[in-house]
Amino acid sequence: MALYKPVVVQTCPRLGERITQDTLYWEGYKAPIQIKEFGAVNKIDFSPVPPRNYAVTASSRIHIYGRYSHEPIKTFSRFKDAAYCGTYRDDGNLLVAGSDEGIIRLFDISGKAPLRQFDGHTKPVHVAGFLSDKYRIFSGGDDYSSKLWDIPSGTEIVSYREHTDYVRCGCASKVNADVFVTGSYDHTVKLFDARTKSSIITIEHGQPVESVLLFPSGGLLVSAGGRYVKVWDVLKGGQLLVSLKNHHKTVTSLCLNSSGQRLLSGSLDRHVKIYSTTSYKVVHSFSYAAPILSLALSPEDETIVVGMTNGVLNIKHRKPEEGKEKSQKKRQPAYRTYMRGKTYMPKQEDFSVSKPVRRALRKYDKLLKSFDSSKALDAVLEPSIRLHTPEVTVAVMQELHRRGTLRSALAGRDEKQINLLLTFVARRVIEPRFTSILVTVADIITDIYQPVLGQSAIVDRQFLRLQEAIGKEIDYQGELLEVLGMMDTLFASFAEKKVTSLEETRSNSPTEIIETD
């Protein structure tokens, strides 16, 4: 008996993923490390100075983690309720944080007790940060106010009450020591100057603002709220440059990479999108297991840390380049050893012995080999094959049709199996690569189970879906034929015009008449 030949699955060529420099760069991180915090992580901030520790604000604590440590190296827990927005000063020596109590606390990194406490807000403070002169603090709270504080004296300098809803985000300019920005749930972003008594620019974002970010140059401002990330030109009075809508849910955090050429945004849709700051197109994206609340990137892009709503801290470290070179050197001898003798050409006096190659047959091939058509069809209707590789299911149907056993394989099925078959056919019959065989399958199913129509509401519904799918496809084909006819008419008219213009040119040109006897 001849050897059994496995079913040939006809596959259409797929376009490979476009590998860019950004793909190679952002995929160069190790497997993530996950740390469980006490609550949702609302803020992550890297120290601006080596050794690049980072502060994680979650629940009623602020943990300081080392660069490669899996345990906190320091904890600030002097909060009665939830803590918010633990932020480093530019020299890395002080840390400021807001709280649910409405109190702003200033900590020394080397100590435990707060150096200062700033009282003035009547509701929770979600925004706290340092101005670039290092001696003043700005804050924003749920009492709709934004305040400026003096660190040496611990007193309030000025208070702005221009927002009409909770102030939930803010940042300070690195260029001008008097400028800071706040974003609010009243859909506005306001730019303040400490030398004035009111805001100098008001920007309408259109959604509750969750995060704001100033570029290092101070000329561009990025705001995030709802599904939108918007870039504004501050030097032109807050003119909108671009509006990005690449997330499916609310964008919660923003950050820039070390060069300022890539903008990162984290969202509740569990994705981090990376944009080019020249074209504002997505160049890469990361996917996570839970909605993202906070995001931070170390100054050298060596570590990316993401905080999620379930309290998990996800940390990725960049792979060292030296390790790649060493691993390549180790692989070279093994590869040469494996290829040894592969190019040897046998001589005339050599006697070659070949071993038959045994192929491992898949489940449906084994069933087809034993002529069990019905079970072979059941094997390719399993969800793992039916949903992810439908071409395998169709290839087995085509093989059964070639053998003349397709009708017997489709017959004798219960309500659940008929429903499964009709669902698959109705979904895939409109795909050109499957249409020819699935139309035959649909014809056989209709012929076999026509007498039982009206006995099952589920089966009747699937037949109606199949009829609707085929009807829509016929309508689409009719419309395409109409468009094709219009195009043929246009091309024909263009050709006629070209011919007539050539004839006119010839008629207008001088001709010679030759008379012959």
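Asp45 has its place in strand β2 (residues 41-46), where strands (E, at least two residues) and helices (H or I, at least four) are DSSP runs numbered from the N terminus. The model is a predicted one, in which local features need pLDDT of at least 70 and side-chain atom pairs count only at pLDDT 80 or more, while totals for chains, interfaces and linings use all residues. Residues are numbered from 1 along each chain as its sequence is written, and side-chain values use heavy atoms, with hydrogens and water left out.

### Around Asp45

Asp45 is buried and yet has no salt bridge, the nearest side chain of opposite charge being that of Lys43, 4.7 Å away. Buried means under 20% relative accessible area, exposed means over 50%, and partly exposed lies in between (1.4 Å probe, protein chains only). A salt bridge is a side-chain nitrogen of Lys or Arg within 4 Å of a carboxyl oxygen of Asp or Glu. The side chain of Asp45 does reach the backbone nitrogen of Tyr88, at 2.7 Å. When neighbours within four places in sequence are left aside, Asp45 is in contact (heavy atoms within 4.5 Å) with Asn53, Tyr54, Ala55, Gly86, Thr87 and Tyr88.

### Aromatic rings

Rings of Phe, Tyr and Trp (its six-membered ring) pair if their centres lie within 6.5 Å, and planes under 30 degrees apart count as stacked, over 60 as edge-to-face and the rest as tilted. By this rule the count comes to 14 aromatic pairs. One of them joins Tyr54, a contact of Asp45, to Tyr65 in a stacked arrangement, with 5.6 Å from centre to centre and 20° between the planes. Tyr54 belongs to strand β3 (residues 54-58) and Tyr65 to strand β4 (residues 61-65), 11 residues apart, and both tyrosines are buried.

The rings of Phe118 and Trp149 have centres 5.6 Å apart and planes at 50°, so this pair is tilted. Because Phe118 lies in strand β9 (residues 114-119) and Trp149 in strand β12 (residues 146-150), the pair ties together parts that are 31 residues apart in sequence. Phe118 counts as buried at 0% relative accessibility, and Trp149 is buried too, with a relative accessible area of 1%. Elsewhere, Tyr25, Trp26, Tyr29 and Phe286 form one aromatic cluster.

### Helix α6

The 14 residues of helix α6 (residues 390-403) should span 20 Å at 1.5 Å a residue, and the end C-alpha atoms are 20 Å apart, which agrees; the expected span is 1.5 Å times one less than the number of residues. Helix α6 is mostly covered, with 10 of its 14 residues buried, among them Pro390, Val392, Met397 and Leu400. The buried residues of α6 pack against α3 (363-369), α4 (373-380), α5 (383-386), α7 (406-410), α8 (415-428) and α9 (432-449). After α6 comes Gly404, whose phi is positive, near 85°.

Most residues other than glycine have a negative phi, and most peptide bonds are trans. The peptide bond from Pro50 to Pro51 is cis, with omega near 10°, and Pro51 is found in the loop between β2 and β3. Two residues other than glycine with a positive phi are set out below.

Technical notes
Lys, Arg positive; Asp, Glu negative; His and termini not counted. Polar contact = N/O pair within 3.5 Å; in protein donor to acceptor, adjacent residues only side chain to side chain.
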